[in-house]
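Let's take a walk through this model together, looking at charges, rings and the surface. Here is the structure to keep open beside the text.

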Amino acid sequence: MELAELVRRSGVGDEAAFAALYDATSATVYGVTVRVTRSPEIAAEVLQEVYLMAWQQAARFDPARGSVLGWLCTLAHRRAVDRIRQVARERDREQAWENRRVGTPADETWQEVEQALDTEAVRAGMGALTGRQREAVTLAYHGGCTDQEVAQRLEIPLGTAKARIRDGLKNLRSALGVRP
């Protein structure tokens, strides 16, 4: 029986005709999917999807527009390319997630170096502050105290505590070479 006739009969729900169509064409269609995907497992999945699409679209197949094998191979090629793109996107997402989650050893090493340099620079900058400024800034930023709590702990007026913190940060920025 001719392939176009098998597709026509499949289009009206003839399962035996569809089985015959599958038997006659699946090896060729599978070959297309394997060449595109380069994976027998993915190719088998794509093949299944292609024949599901063929079953669903059989009633719309027009033999005047091309051969049955050409139609099936076109469906297979397009679906295989889509699958490859999907797999690549999934791999990229997983890699990006893994990089964010774990980081690479080189990134960790560089972050440790940057942190050590930053810590050293801040220590040197803190040394440039007056004792009162250093005490107020340390309570506010390292101790997590509010301006009110800094004033209470240092037993100074609130305005004085705010001024010491502000001036200390201004001097620290200057010592670190940060422009306001």
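Arginine 166 pairs with aspartate 167 in a salt bridge, their closest N and O atoms being 3.6 Å apart. The term salt bridge is used here for a side-chain nitrogen of Lys or Arg within 4 Å of a carboxyl oxygen of Asp or Glu. Arginine 166 is exposed, with a relative accessible area of 53%, and aspartate 167 is partly exposed at 29%. The cut-offs for these words are under 20% relative accessible area for buried, over 50% for exposed, and in between for partly exposed, with a 1.4 Å probe and protein chains only.

A word on the source: this is a predicted model, in which local features need pLDDT of at least 70, side-chain atom pairs count only at pLDDT 80 or more, and totals for chains, interfaces and linings use all residues. Residues are numbered from 1 along each chain as its sequence is written, and side-chain values use heavy atoms, leaving out hydrogens and water.

**Salt bridges**

By the rule above, the count comes to seven salt bridges. Three of them are set out here.

| Salt bridge | Closest N to O |
|---|---|
| Glutamate 5 and arginine 8 | 2.5 Å |
| Arginine 166 and aspartate 167 | 3.6 Å |

Glutamate 5 and arginine 8 are three residues apart in helix H1 (residues 3-11), so about one helical turn separates them. Helices here are DSSP runs (H or I, at least four residues), numbered from the N terminus. Glutamate 5 is partly exposed, with a relative accessible area of 28%, and arginine 8 is also partly exposed, at 47%.

Glutamate 49 is partly exposed, with a relative accessible area of 22%. Both residues belong to a network of salt bridges that links Glu45, Glu49, Arg79, Asp82 and Arg83.

Arginine 164 is found in helix H8. Leaving aside residues up to four places away in sequence, arginine 164 touches Arg132, Gln133, Ala136, Val137, Leu154 and Ile156, where contact means heavy atoms within 4.5 Å.

Glycine 168 lies in helix H8 too, and is buried, with a relative accessible area of 0%. With residues up to four places away again left out, glycine 168 touches Leu129, Gln133 and Val137. The C-alpha atoms of glycine 168 and leucine 129 are separated by 6.2 Å, although the two residues are 39 apart along the chain.

**Aromatic pairs**

Now for the rings: the structure holds four aromatic pairs. Rings of Phe, Tyr and Trp (its six-membered ring) pair if their centres lie within 6.5 Å; planes under 30 degrees apart count as stacked, over 60 as edge-to-face and the rest as tilted. Phenylalanine 18 and tyrosine 51 form an edge-to-face pair, 6.2 Å centre to centre with 70° between the planes. Phenylalanine 18 lies in helix H2 (residues 15-37) and tyrosine 51 in helix H3 (residues 40-57), so the pair ties together parts that are 33 residues apart in sequence. Phenylalanine 18 counts as buried at 16% relative accessibility, as does tyrosine 51 at 4%.

The rings of phenylalanine 18 and tryptophan 55 have centres 5.0 Å apart and planes at 75°, so this pair is edge-to-face. Here phenylalanine 18 in helix H2 is linked to tryptophan 55 in helix H3, 37 residues apart. Tryptophan 55 counts as partly exposed at 30% relative accessibility. Ring pairs link Phe18, Tyr22, Tyr51 and Trp55 into a cluster.

**The loop between H3 and H4**

Serine 67 lies in the loop between H3 and H4 and is partly exposed, with a relative accessible area of 47%. The C-alpha atoms of serine 67 and leucine 3 are separated by 8.4 Å, the two residues being 64 apart along the chain.

Technical notes: Helix = DSSP H or I, 4+ residues; strand = E, 2+ residues; numbered from the N terminus.
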